[in-house]
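Please consult the sequence and the structure while reading.

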Amino acid sequence: METKNSGFNTKLVHAGDYEDCLGSAVMPIYQTSTFKFRNSKHGADLFAGKEPGYIYTRIGNPTINSLEDKLAELENGYRGIAVASGMAAVTTVYMALLGQGLHVITTDAMYGPSRGVLERDFSRFGVEADFVDTSDIEQIKKVIKPNTKLLYIETPTNPTIAITDIKAVCELAHKNNILVCVDNTFCSPYLQKPLDLGADIVLHSITKFINGHADIVGGAIIAKDPEVYKRLRQTMVYMGGNMDPHQAYMVSRGVKTLSLRMEKSEQSARVIAEWLENHSKVEWVKYPGLKSHPQHELAKKQMSGFGAMISFGLKGGFKAGEILMDNVKLCLLAVSLGGVETLIQHPASMTHAGLSKEAREEAGISDGLVRFSVGIEDCDDIITDLENALKLI
Ligand SMILES: *Cc1c(COP(=O)(O)O)cnc(C)c1O
């Protein structure tokens with residue numbers, strides 16, 4: 001079915017639909033590494049791009065392409081590229097667009113490995129990087145150089161929930177011939193459409209909200225412009241970070257309920273954020289939907305909702321964090337986010353334990369900070385679970 005002019009929910013279910021000779025209702029798993037040519041001319045025509053068709057799964061596969069088409073429609077992009085993980089999406093973008101002597105500017109408090117791979121690996125190939133608080137556009141202006149090729153932003157950030165004005169930074173970047181890539185993992189296209197706000201590329205860890213069931217690791221890149229898309233696709237095919245057909249099938253199934261899941265999680269997140277804000281053991285709460293969030297107005301403007309991610313600070317610091325982690329029963333003590341199950345995490349003792357206290361504080365991660373990903377369980381049960389554990393602090 002043609003879904004270009006359909007609503008978001010119809011796209012979730014039907015975009016990327018595909019007709020096969022058996023009338024399959026859903027895209028089957030084409031678990032094959034390679035595809036037969038009818039004859040030598042057919043093989044030659046496929047390689048020359050004179051005829052559409054499949055050659056080899058790293059280059060393209062119907063199950064994977066169906067998912068790519070769906071994601072591209074959901075983000076209002078030209079075409080999509082599905083890859084093995086969110087980090088494969090990040091590194092494909094860096095690899096395709098950066099090089100010796102070129103410069104990238106990114107959000108300082110971005111997903112750790114997205115920054116780490118620039119500092120540790122791309123630096124070895126002569127790529128320069130500046131990490132700034134992109135929620136303050138003046139800080140970006142200060143570090144733009146003639147060799148800046150890419151502005152890479154994450155909004156809201158993890159776990160500090162800072163918001164960057166996508167439209168404003170895209171205008172600034174484009175005036176300086178800089179491409180903009182937005183990591184849209186925290187929002188998913190249900191809440192935020194960076195390409196509509198001016199970005200050139202959007203990427204996802206589809207491990208999180210898009211797949212939504214904590215059973216698959218995957219990533220995707222969607223480009224607005226055919227030329228940029230071609231560069232990214234070529235790099236992915238050569239670097240070999242492609243998704244697997246079985247993985248693509250799982251994601252195609254998971255994403256169909258994105259709106260239903262996000263709506264439910266978000267309703268609960270709003271209630272839980274307010275409840276936490278009034279709790280005696282809680283010092284502060286960061287949630288874009290709260291009036292107390294410094295960028296609440298910007299969130300209302302560029303997001304169509306406030307999402308399911310909450311950060312909060314416990315009055316009792318590090319020890320209180322450990323007590324909460326050890327006493328929740330419904331909330332799963334685990335990293336990752338965006339699944340149907342509620343997840344809780346204490347960065348100071350877990351994801352960021354490798355950093356010194358000073359480095360953590362510089363990154364906005366206080367000892368009592370808790371990161372919370374709200375699932376689709378009954379909201380009352382989540383609150384009861386938190387209350388029972390908070391009582392012990
Ligand atoms: C998880 C995550 C990634 C990395 O994705 P993987 O699927 O784990 O490789 C990148 N960006 C953000 C914002 C994430 O949350």
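In this predicted model, 13 residues surround the ligand. The closest of them are Met87, Asp183, Ser205, Thr207 and Lys208. Sorted by class, the shell around the ligand contains four nonpolar residues, six polar residues and three charged residues.

| Residue | Part of the residue | Distance to a ligand oxygen atom |
|---|---|---|
| Met87 | polar backbone atom | 2.8 Å |
| Thr207 | polar side-chain atom | 2.6 Å |
| Lys208 | N or O atom in the side chain | 2.8 Å |

On its own, the ligand has 380 Å² of accessible area, and the protein covers 92% of this area.

The second topic is the cysteines. How many disulfides does the count give? The count comes to zero disulfides. A disulfide requires two cysteine sulfur atoms within 2.5 Å. For Cys170, the closest cysteine sulfur belongs to Cys181 and is 10 Å away, so the two are too far apart for a bond.

Is Cys170 buried or exposed? Cys170 has a relative accessibility of 2% and therefore counts as buried, the cut-off for this class being under 20%. Cys21, in contrast, has a relative accessible area of 81%. Cys21 is therefore exposed, since that class begins over 50%.

Terms used. Residues numbered from 1 in each chain as written. Predicted model: local features only at pLDDT ≥ 70, side-chain atom pairs only at ≥ 80, totals over all residues. Heavy atoms only, no water. Near = heavy atom within 4 Å. Polar contact = N/O pair within 3.5 Å; in protein donor to acceptor, adjacent residues only side chain to side chain. Areas by Shrake-Rupley, 256 points an atom, 1.4 Å probe, with all protein chains shown as cover. Nonpolar A, V, L, I, M, F, W, Y, C, P; charged D, E, K, R; others polar. Buried < 20%, exposed > 50% of the residue type's maximum accessible area, 1.4 Å probe, protein only.
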